[in-house]
Amino acid sequence: MTANASPPPSPGSARRPFDRVAVGLLLLVCIGELPLLLKFFADLWTRPQYDFFPLILIGASYLAWDRLRDQPGMEFQGRRLLGTLLLAAAFLTLALGTLFLLRWLGGISAWIALAGCVCWIGGVKLLRALAPSFVLLVTILPPPGRKDEAIALILRQWAVWASGRLLDLMGIPHVSTGSLINIAGHRLGVEDACSGLHSLLAVVAVTLMLGFYWRRPAWRIVTLMCCSLVFVVWANVLRISLGAYLIETWKFDILSGSAHELLGLVLFMVCIALTASLDQFLVLLRPERPESQNTPAVLQPRSSKATNSAAGMPNWMGWGIAVAFILLGAFAQVRVAGLWASPSLGAAAKFSLPAAVAGWQRVDGSEQVIGRPEVLGQYSFIWTYRNGPRSALVACDYPFPGYHELATCYLASGWQPVNSGHAGSADQAGPAGAYSEMEMQRPSPAFAYLLYGCCDEQGRWLAPESLETQSGLRLALQLSYERARAPQAYQVQVLLQGYKPPGDEDKQQLRQLFFAVRDDFAAQLARQAEAVR
Amino acid sequence: MSGASPAKPPAPRRRPQRVEAGAAAHASVFWRWLAAAPAIVALVSSLTIAAVIVTQSPGEVLHWYQTVAERAMRNRDYQLAVVCYQRLLSDEPEDPANEFGFALSLAGVGRQREAIELLARLTPDQGPGYVPARLFVAQQLLDFKSPTSETRARAERNLLRVLEIEPMNETAHARLAAIYAEEEKWDLCRYHLERCGALRREVEGRILPLMPPRPAAAN
């Protein structure tokens, strides 16, 4: 409804102030949400693709204030029935999240509770006025079951494929395997950051924010968002291709270190600028109608019927909801307080392996220490060992939130499993601890034999999540439950590569190396973690 | 507007188009197009590149890689050759020529162990294997400074395998003749020389240099 069509307000409907009691009650609701919500934010903070979320919280708050500022005639007359329903839904979601240890449900519950609070205080019209803020907040709610990681994998594969074709076009010989691009003398790893996922979500969120701020119509905001996706993906494809070109031609590396970080920031700004530019293009294509057409609807005073129905809700209901949320919040605090532990060891940790172990000799100068702030398993120590004609890579990677299935990383690099299995006992330290082995092949042609295991900070070896018998929702719930309770994991892997399938003797030699190395690593880890604690 | 009412609530402030509210009154169409130009260029170039990429012919790309790989081998740019052959292998994994080229390029960059493993795959004890790889391996074995009877036997096995696949392979016959001459198996040596046509006057000059110097005892 527009200003021109406003019916005359009823004489008795003067502006009403906030219902302060309602605001107080709803603050209690928010306190009930806090324990799981804080865990939710902590989880977001560990996901590089969502680390822009504080900006979105600020943006959503600003948009809400901005929209409220435009409605000086607004009455704060709540729709308590709808508000109660929304709060009940939020309560249920929070209860499920607490029960099954699902942090993302904490975020969703808070979102619904916020909508319920808004409805309680200001009715549907206030909710509608604040809709842009709510839509913006949706961008920081990750999909359940870490589906965003699956999207990241698809994006990464697509980015590698498109960059490869572009490099062919540019006449730069290369070969892509999984998320790696090899050019003469160099190997470029395409991480999530290069795939565009990190900037993708941020650019979409900022586009939404700008669209709402500029008060663009919905179709234009959707168009801008779709085009911003295209810009981000192409920008990252160009980044990879340009990086490969510069290394090949000028030996200048922009795909690692601070140059990579800086370039990511520049690309983000470029994508935002292109989106703003596209907005101008859309304005040229289809100019805005005269101002009156776009004026936001005046919030009408509520009809006496509606006002009465809102006032009809007894006050004890509000107190009941508040008490229920507080109790659930207390339960949530008790239940989730010690879960999703953070790692004791970071960049300062040091690991070293002996020069000779189980008949293998360490290659001098082969040690590498890698820090990758953008990926899971940020830190890696890598060594090369030789035993006669055999050469093996030994790597320690950490931290991981629970057992890390290394096989998926190798699959993403183009390897195909030939044989795999698990052995040993879970939650045991020492030689009897759990480990996994896998034989792989890829069309280069190459063969590999991999041994790996994950241990906790006490040096106990973890087993993979044994969920083969579960499926669907049950599997997802159990997986989340186990992940929440799992300790931080530290991984050891030993890899033998060659152009012929490894023989029994090769495997035996590698096993001996693995067992010796992993026990040494676990002992060093437990010592350092204990010192930190 | 509807009729004015004395009890009318305050009208909302009208700030619907923030960018245009400030700029629209003054900015000319030229400046608007200028502002829109980067997005137009980006969209058009994205679409163009996408179209070119999608319509690339895989056959042409592979042919180009083949050419670059061969040139790199000639120029002893083995690192480039490794990448090219790896690419050819990833696209045509069944072609042993690519595997052979890859093995040679690996040897060129000093990855001897991997090269030997690959050549071993191409010259299996059972099965035909890849003829150029067998000839190459046989030649390498014979080129040892002091070939033993074992290396000669391995070379012989490879060459005999070649003859099973290509009975008239001149190079294999010539090298076998060389081996038998070394071992003073003159009947076999003569047989293979005849098969490769070395005893024909027109090819004598090409084949005989492959023969080892005759042992003193035979003079």
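1. Helices here are DSSP runs of H or I with at least four residues, numbered from the N terminus.

2. Some background: this is a predicted model, in which local features need pLDDT of at least 70, side-chain atom pairs count only at pLDDT 80 or more, and totals for chains, interfaces and linings use all residues. Residues are numbered from 1 along each chain as its sequence is written, and chains are lettered from A in the order in which they are written.

3. Helix H3 (residues 80-100) of chain A has 21 residues and should span 30 Å at 1.5 Å a residue, which agrees with its end C-alpha atoms being 30 Å apart; the expected span is 1.5 Å times one less than the number of residues. Its buried residues include A:Leu87, A:Phe91 and A:Leu94, where buried calls for 20 or more other C-beta atoms within 10 Å of the residue's own, with C-beta atoms placed from the backbone.

4. The largest nonpolar core has 131 residues, and A:Val29 and B:Cys84 are among those with the most contacts inside it. Such a core joins buried Ala, Val, Leu, Ile, Met, Phe, Trp, Tyr and Cys residues through C-beta atoms within 7 Å. Helix H4 (residues 103-129) of chain A gives the largest share of this core, 16 residues.

5. Beyond its neighbours within four places in sequence, A:Val29 is in contact with residues including A:Leu87 and A:Phe325; contact means C-beta atoms, placed from the backbone, within 7 Å.

Note on methods. Buried ≥ 20, exposed ≤ 12 C-beta atoms within 10 Å, placed from the backbone. Helix = DSSP H or I, 4+ residues; strand = E, 2+ residues; numbered from the N terminus. Contact = placed C-beta atoms within 7 Å.
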